[in-house]
Amino acid sequence: MPFARLATATTPTCHIGLGLAALGRPGYINLGRDHDLGEDRGVEALRTRTHELLDAAYAQGVRYFDAARSYGRSEEFLADWLKNHPDAADIVIGSKWGYTYTADWSTEAERHEVKDHSLAAYERQRAETDALLGDRLDLYQIHSVTPDSPALADKELHARLAEAAAQGLTVGFSTSGPAQADAIRAALAVTVDGEPLFRTVQSTYNALETSAGPALAEARDAGLTVIVKEGMANGRLAAPNAPAPLRAVADETGLGPDAVALAVVLREPWAGVVLSGAATTSQLASNLHAAVVDLTDDQMSRLAALVEEPQAYWERRGQLPWH
């Protein structure tokens with residue numbers, strides 16, 4: 001497992017990763033994006049920004065970087081950075097297949113990505129990822145598995161993924177939607193020749209959406225590494241959008257709402273890596289303070305009141321505009 005490299009790290013931030021969803025394309029659903037990125041969202045501007053974030057993250061102890069085929073040019077930007085940092089052998093690199101980026105570098109596209117969990121999509125996107133990341137790729141995940149995903153039942157796909165695992169690639173999956181727990185448990189049951197197929201799971205979990213927690217604990221008990229995404233709820237838990245109870249706890253700690261929100265996730269014993277989705281170096285620096293936030297039981301109790309019903313949470317997420 002490539003994540004064993006993180007076990008030897010001693011920095012407090014080694015269990016925080018950097019996700020590139022907000023950096024590899026001009027449009028995304030995070031709140032405050034217009035302010036974060038400004039007007040210049042050309043390819044070279046975002047390439048430079050991505051490299052600045054990767055530099056800052058690595059310098060501050062972050063050792064997991066997470067991309068996807070559908071995150072615009074995220075794999076390309078990451079590959080460029082890796083070529084310039086050949087000595088950074090302690091980094092763990094993950095990417096995802098299953099969605100195709102279709103916005104053509106526009107923020108006004110009717111559809112920004114198209115889902116396809118077929119074997120043909122895997123073979124095509126695996127070749128595309130290999131052309132960019134090559135042997136630096138450690139983890140390849142099925143992107144946004146839901147309980148009805150054909151990827152859960154496709155035996156031929158499972159066999160191909162098992163072949164990749166036998167050659168040294170870690171195979172995982174991510175989840176989204178109100179039925180994440182069902183998707184996780186269904187994926188845990190997938191085996192090839194009697195052996196579990198998946199070694200990692202990446203799911204949405206934050207102070208507003210905690211429904212996947214018990215299933216993620218089960219995944220951890222089954223030996224999977226758990227990666228948490230959207231710990232900031234696409235900006236809903238960051239200033240200036242943070243709800244009042246979160247702002248109050250943040251004031252008590254002397255840190256930002258974002259650091260407190262990520263600290264809530266880091267407290268979970270099953271959380272192996274928690275992703276920052278920062279789009280600026282200042283956001284990243286603030287996010288990384290999560291590693292030193294020490295929340296009291298009283299503070300956690302007050303933050304627990306923020307939890308929403310999964311259906312309501314995902315309906316609201318689905319209404320967020322692509323900025």
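**Helix 4 and the interior**

In helix 4, the buried residues are S74, E75, F77, L78, A79, W81 and L82, where buried means under 20% relative accessible area with a 1.4 Å probe, protein chains only. The model is predicted, so local features need pLDDT of at least 70 and side-chain atom pairs count only at pLDDT 80 or more, while totals for chains, interfaces and linings use all residues. Residues are numbered from 1 along each chain as its sequence is written, and side-chain values use heavy atoms, with hydrogens and water left out.

Helix 4
- Helix 4 spans residues 74-83 and is mostly covered, with 7 of its 10 residues buried; helices here are DSSP runs (H or I) of at least four residues, and strands (E) of at least two, numbered from the N terminus.
- Its buried residues are covered by elements including helix 3 (43-59), strand 2 (64-66), strand 3 (92-97) and helix 5 (119-133).

Nonpolar cores
- The largest nonpolar core has 87 residues; such a core is a set of buried Ala, Val, Leu, Ile, Met, Phe, Trp, Tyr and Cys residues joined through side-chain atoms within 4.5 Å.
- Helix 10 (residues 257-266) gives the most to this core, with 7 residues.
- L18, F65, L78, F173 and F198 have the most contacts inside the largest core, contact meaning heavy atoms within 4.5 Å.
- Leaving aside residues up to four places away in sequence, F65 touches residues including L18, L78 and W81.
- A second, separate core of 8 residues includes F3, Y64, V273 and L275.

Cavity
- A233, N234, R236, Y313, R317 and L320 line the largest cavity.

Terms used:
Buried < 20%, exposed > 50% of the residue type's maximum accessible area, 1.4 Å probe, protein only. 1 Å grid on protein atoms, 1.4 Å probe; cavity = no way out; pocket = protein on both sides within 12 Å on 5 of 7 lines; lining within 4 Å.
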